[in-house]
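Please open the structure in a viewer and keep the selection tool at hand.

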Amino acid sequence: MITIQNAPVRWQDGRFAPAPHPQGREGTMAHAILMAHNTSGDPDRLSLRFDAMASHDITYVGIIQTARASGMKEFPLPYVLTNCHNSLCAVGGTINEDDHVFGLSAAKKYGGEFVPAHQAVIHSYMRERYAAPGKMILGSDSHTRYGAYGCMAVGEGGPELARQLLRKTYDIAYPKIIAVYLTGTPRPGVGPQDVALALVGAVFKSGAVKNAVLEFFGPGVASLSMDYRSGIDVMTTETTCLSSVWQTDGLTKTALTLLGRGDSYQELSPADGAYYDSLVTAELDKVEPMISLPFHPSNAFPIREFKANMADLLHQVDVDAAEQLGVKNAPSLLRKALDGRFRVDQGVIAGCSGGTFQNLKRAAEILKGCSTGHDAFWLSCYPGSMPINLELTRCGAIAQLMAAGASIRSCFCGPCFGAGDVPANGAFSVRHSTRNFPNREGSKPGDGQISYVALMDARSIAATARMGGVLTGADELPDVPADRPDEQWAYDDHPYQSRVYFGVGRPQAGEELVFGPNIADWPEQIPLPENLLLTVCSAIYDPVTTTDELIPSGETSSYRSNPLLLSEFALSRKDPQYVHRAKAVQVVERLRRQNPADPEVKRALGRFDPARTGLGSLIMALKPGDGSAREQAASCQRVLGGCANIASEYATKRYRSNVVNWGMLPFVADNLEKLCLLPGDRVYLPGIRALLEGDGETITAAVLRNGGETSVVLSLPGLTREERDVILAGCLINYYAQG
């Protein structure tokens with residue numbers, strides 16, 4: 001089904017051969033695109049400028065505020081502001097719509113494109129209007145993936161977008177390029193999410209494609225429609241790769257022509273002799289309908305296998321709920337299994353992965369003339385954009401879904417991050433969306449509320465709905481419709497022409513920004529002191545820590561434009577005492593800066609010089625930052641006085657970038673489990689400023705606990721000169737203010 005060859009290969013004469021020498025990397029599609037956007041002149045150290053950018057209403061206020069504070073006068077490239085996350089404006093009074101008004105005023109003032117709420121999911125919009133072969137797009141949402149259109153897209157934290165707005169570059173080492181070779185044709189009932197979950201399940205745990213570019217090609221591509229390709233592509237984020245790109249063909253050209261952008265087409269395919277760092281082979285005809293059980297997309301199994309091993313797999317979910325969420329008496333999922341059948345409470349087909357035309361059309365066909373039933377199960381469908389919704393309405397698919405009992409919702413990302421269609425306590429939801437991390441469905445384990453999300457394809461969700469909520473793979477139906485590779489849809493952009501503000505390239509300097517009462521500037525951050533004494537304020541020993549655990553999504557996102565208020569939610573569902581501990585350290589640090597001789601400061605610092613040693617907090621996690629690109633996972637720590645993370649490794653480049661751009665030290669340590677850091681332990685970093693002013697990468701720190709002292713070597717591998725200067729300055733805003 002999915003196999004991995006962790007050795008270099010060369011694409012030669014229509015087949016792969018071992019590549020003993022790293023020659024031919026210029027033959028990959030990714031290489032051509034990267035070099036066309038590289039401004040450094042060095043093919044190994046890239047400084048990239050993007051063709052366009054996109055942000056949604058959880059991220060764009062902070063990005064614009066950061067760039068504005070750093071001297072931005074106009075958007076120097078097309079910048080699209082969508083409003084697909086806090087569309088409901090349901091929490092916090094006026095603050096959500098206040099941000100939307102701010103976004104429109106910023107699009108006018110600086111020359112941007114503003115997509116009002118309920119018009120489009122960010123990635124649906126960018127596929128329709130901007131993605132094109134050979135282009136590069138940067139987005140502040142982790143699922144910024146448009147590779148199916150031959151467009152390399154990267155999801156990053158907000159500071160990296162601010163850098164582009166300030167005419168700076170995105171700086172990375174040349175990434176690994178990994179071939180994903182597709183063969184065969186998917187069987188009827190097997191959809192793009194099934195292929196994606198099989199891929200994520202095969203590569204995530206090993207880290208085989210981490211921070212690499214996935215390059216999709218092979219005879220299997222021709223068997224996939226553009227919607228199908230996009231549905232696989234958007235989920236590559238869950239592999240932890242950097243970006244993706246697909247070979248283009250006549251179907252790509254036809255899709256771009258229907259979108260009114262046929263002149264942007266160019267053929268992309270790997271050249272003979274192209275070198276790849278490794279090879280993933282996907283046999284599409286062998287993929288089965290899949291399910292990813294809580295609490296990660298990589299926890300993936302064929303539905304057939306899940307049914308055969310239901311008791312064991314559900315017991316493991318119960319164990320994970322107790323260990324990962326700290327919920328010891330959660331309602332067991334085993335009660336939903338009876339006589340080999342599993343009862344589901346809810347189905348959702350939504351967002352950039354689920355809400356495509358083809359997915360919802362297949363769901364409508366499967367449910368035509370049927371009913372979702374009169375019991376607990378319910379189904380919600382969210383088209384990805386108004387043009388998709390319009391075409392589904394015209395072809396009758398919306399009517400078929402409604403007649404079957406499905407609820408049709410607006411173009412909204414809410415179910416993907418816990419802000420829409422929250423199930424009941426103990427309920428089980430199957431979703432064609434992007435993630436099933438803890439709390440992504442909106443439950444609050446700390447308040448005794450927990451529900452469960454599993455990821456499935458729209459076809460199997462519709463089959464489950466047709467069976468009244470009994471978990472059913474689409475291939476179990478006798479009449480499941482097949483997906484045609486040539487299936488396109490008639491794109492009508494009248495909804496956009498009627499509502500979107502198109503201001504790219506037309507800044508109006510005299511336009512005033514409109515600030516709501518919740519939109520606040522970033523609090524001042526101080527430069528890195530000579531020495532640091534840091535208190536461990538949270539220690540997380542889970543194998544992976546997600547962005548959602550560092551800063552919960554859902555209702556907390558309403559406060560994303562107020563750094564102080566948002567920081568109150570940091571780690572609130574993972575370690576509720578973190579904020580209290582960090583604030584206690586921050587109070588003493590502020591006192592130190594006002595009066596180093598204060599007795600409380602002397603008690604806190606002990607033998608260390610208060611005039612030369614700053615106080616701060618740190619978080620220890622084995623592998624932090626999987627998932628979302630939201631910079632708030634790092635900025636909230638910084639607002640609370642955070643100065644460092646210590647990790648065995650960072651789950652994603654984007655989270656490490658966020659740590660650095662907010663002026664925190666991204667330490668790595670070997671054998672971190674044996675060090676056994678705990679909240680309240682302190683870590684002394686002598687001469688840390690001098691280390692960053694030079695080019696040193698390691699420091700011997702002292703761990704202080706219970707009156708004793710232990711030495712530990714902490715590393716800062718791969719810090720660039722600019723990253724060092726950002727941390728020295730205290731954060732990216734301070735760095736730019738220095739001129």
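Which side chain meets that of Glu 288 in a salt bridge? Select Glu 288 and Arg 304: their side chains form this salt bridge, with 2.7 Å from N to O. The model is a predicted one. Glu 288 is found in the loop between strand 15 (278-283) and strand 16 (290-292), whereas Arg 304 belongs to helix 9 (residues 303-308), so the pair ties together parts that are 16 residues apart in sequence. Glu 288 counts as buried because its relative accessibility is 15%, while Arg 304, with a relative accessible area of 51%, is exposed. As a general principle, side chains of opposite charge can pair when their charged atoms come close.

Next, select Asp 542 and Lys 574. These two form a salt bridge whose closest N and O atoms are 2.4 Å apart. Asp 542 sits in the loop between strand 26 (531-540) and strand 27 (545-546), and Lys 574 in the loop between helix 19 (563-567) and helix 20 (578-594), so the pair ties together parts that are 32 residues apart in sequence. Asp 542 is buried at 13% relative accessible area, and Lys 574 is partly exposed at 21%.

Then select Asp 575 and Arg 581, another salt bridge, in which the closest N and O atoms are 3.0 Å apart. Is Asp 575 buried or exposed? Asp 575 is buried, its relative accessible area being 12%; Arg 581 is partly exposed at 25%. The structure holds 37 salt bridges.

Pro 192, Val 195 and Ala 196 of helix 6 make the contact with Tyr 228, Gly 231 and Ile 232 of helix 7.

Proceed to the nonpolar residues. The largest nonpolar core has 109 residues, of which Tyr 125, Leu 182, Ile 291, Phe 306, Leu 379 and Phe 428 touch the most other members. Centre the view on Phe 306: not counting residues up to four places away in sequence, Phe 306 touches Ile 291, Leu 293, Leu 313, Leu 314, Phe 342 and Leu 471. A second, separate core comprises 56 residues, including Leu 48, Phe 50, Ala 179 and Leu 513.

Finally, select helix 23 (residues 653-661). Why is this helix described as largely enclosed by the rest of the structure? The reason is that nine of its nine residues are buried; among them are Lys 653, Arg 654 and Arg 656, as well as Val 659 and Val 660. Just after helix 23, select Gly 663, which takes a positive phi of about 80 degrees.

How values were computed:
Residues are numbered from 1 along each chain as its sequence is written. This is a predicted model: local features need pLDDT of at least 70, side-chain atom pairs count only at pLDDT 80 or more; totals for chains, interfaces and linings use all residues. Side-chain values use heavy atoms; hydrogens and water are left out. A salt bridge is a side-chain nitrogen of Lys or Arg within 4 Å of a carboxyl oxygen of Asp or Glu. Helices (H or I, at least four residues) and strands (E, at least two) are DSSP runs, numbered from the N terminus. Buried means under 20% relative accessible area, exposed over 50%, partly exposed in between (1.4 Å probe, protein chains only). A nonpolar core is a set of buried Ala, Val, Leu, Ile, Met, Phe, Trp, Tyr and Cys residues joined through side-chain atoms within 4.5 Å. Contact means heavy atoms within 4.5 Å.
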